[in-house]
Amino acid sequence: TNRSVLYVGNFTQGVAHKGFDILIEAWAKVHGKLPWASLIIAGGGDSRHWREMATILGCGDSIRFAGHILDMSSCYLQAGLFVLPSRGEGISNALLEANSFGIPAVASDIPGNREVIIHEQTGLLVPVNDAKALAESIVRLLRDDGSRKHMGQVARSRIIENYSIENVVNRVCALYTSMIPKRDS
């Protein structure tokens, strides 16, 4: 079972939005408890500041800054857990993609993430800006292969049911059909 953790986000979007500081701070705590775990950070932009922070916190060797990746499939296939500590987010495409690959998530408890994650069923939601809670939830799922696998299966089923293109198109068509006035024959 893969125990690497994946984060996907663009460094140009800024710390206020994406919570890179919380991610690195939490990862240092995870690394202290699970030195065998690894974090893969995929996304464009300048990561120097965050590399330096990771080095200072003693977890730099356990993080791979992968940069911008055109085809994320291999990253999702390698990951055992997805993490999203955003302070503000719509519905994250990366979160939807991770779930579609059967990867559960640990994410901040904000509206967009609550739309996708059912706490304790498809992943875990943690308070915004809480590196300690983020780290504890990551550690919990990395230590529990069974829960992680089950949450991933439920997450994938939920994505197919609610977000697959076929099901979305069918729902939109049904909605439009329901709005067409009925004619008497």
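In what order do the 6 strands of the open sheet run, and is the pairing parallel or antiparallel? I started with this, working on a predicted model. I read the order as S3-S2-S1-S4-S5-S6, with parallel pairing.

**Entry: the sheet**

I looked for the edges next. Strand S3 (63-67) and strand S6 (123-126) are the edge strands, each pairing on one side only.

I went through three of the pairings. S1 and S4 run parallel and are joined by 3 bridges. Here I found Val 5 opposite Leu 81 in S4. S4 and S5 also run parallel, with 3 bridges between them. In that pair, Val 83 stands opposite Val 106 in S5. Strand S5 (residues 105-108) is joined to S6 by 4 bridges, and these two run parallel. Val 106 turned up again: its bridge partner in S6 is Leu 124.

**Entry: strand S4**

How many residues of S4 are buried? I counted 6 of its 6, and I logged S4 as mostly covered.

**Entry: helices on the sheet**

I checked what packs on the sheet. Helix H2 (residues 20-33) does, and it touches strand S1 (4-8), strand S2 (38-42), S3 and strand S4 (79-84). I took its direction against S2 and got about 165 degrees. H5 lies across S1, S4 and S5. Against S4, H5 runs at about 160 degrees.

**Entry: H5 with H8**

I followed H5 to its helix neighbour. Helix H5 (residues 93-100) packs with helix H8 (residues 145-163), the axes being 7 Å apart and the angle about 115 degrees. From H5, the contact uses Leu 96, Asn 99 and Ser 100. From H8, I listed Gly 152, Ala 155, Arg 156, Ile 159 and Tyr 163. I sorted these residues by class: 4 are nonpolar, 3 polar and 1 charged.

**Entry: H8 with H9**

I moved on to helix H9 (residues 165-179). Its axis and that of H8 come within 5 Å and cross at roughly 35 degrees. On the H8 side I found Ile 160, Glu 161, Asn 162 and Tyr 163. On the H9 side the contact residues are Ile 165, Asn 167, Val 168 and Arg 171. The class count for this contact is 4 nonpolar, 2 polar and 2 charged. Tyr 163 of H8 is listed in the contact with H5 and in the contact with H9.

**Entry: Ser 86**

Where does Ser 86 lie? I placed it in the loop between S4 and H5. Is Ser 86 buried or exposed? Its relative accessibility is 0%, so I put it down as buried. I then listed its contacts, leaving out residues up to four places away in sequence: His 17, Lys 18, Ser 108 and Ile 110.

**Entry: the largest pocket**

I looked up the largest pocket and noted a volume of about 270 Å³. Its lining has 18 residues, and those closest to the centre are Val 8, Gly 9, Asn 10, Ala 42 and Ala 94. Which element gives the largest share of the lining? I found H5, with 3 residues. By class, I counted 6 nonpolar, 9 polar and 3 charged residues in this lining.

**Entry: the cavity**

I searched for cavities of 30 Å³ or more and found 1. The largest cavity holds about 40 Å³ of space. Its lining consists of Ile 22, Pro 85, Ser 108, Val 126, Pro 127, Val 128, Asn 129, Asp 130 and Leu 134. I sorted the lining into 6 nonpolar, 2 polar and 1 charged. Ser 108 lines this cavity, and Ser 108 also touches Ser 86.

**Entry: the whole chain**

The protein chain has 9 helices and 6 strands. Of its 185 residues, 45% count as buried. I fitted a box to the C-alpha atoms along the principal axes and got roughly 75 × 35 × 30 Å.

How values were computed
Residues are numbered from 1 along each chain as its sequence is written. This is a predicted model: local features need pLDDT of at least 70, side-chain atom pairs count only at pLDDT 80 or more; totals for chains, interfaces and linings use all residues. Side-chain values use heavy atoms; hydrogens and water are left out. Axes are lines fitted to C-alpha atoms, for helices over the stretch in contact, and angles run from 0 to 180 degrees between N-to-C directions. Contact means heavy atoms within 4.5 Å. Ala, Val, Leu, Ile, Met, Phe, Trp, Tyr, Cys and Pro count as nonpolar, Asp, Glu, Lys and Arg as charged, and the others, Gly among them, as polar. On a 1 Å grid over the protein atoms alone, a cavity is a set of points where a 1.4 Å probe fits but cannot get out, and a pocket is an open set with protein on both sides within 12 Å along at least five of seven lines; lining residues have an atom within 4 Å of a point. Grid points are joined across faces, edges and corners, and a volume is the space filled by probe spheres set on the points. Two strands pair if DSSP finds at least two bridges between them. Buried means under 20% relative accessible area, exposed over 50%, partly exposed in between (1.4 Å probe, protein chains only).
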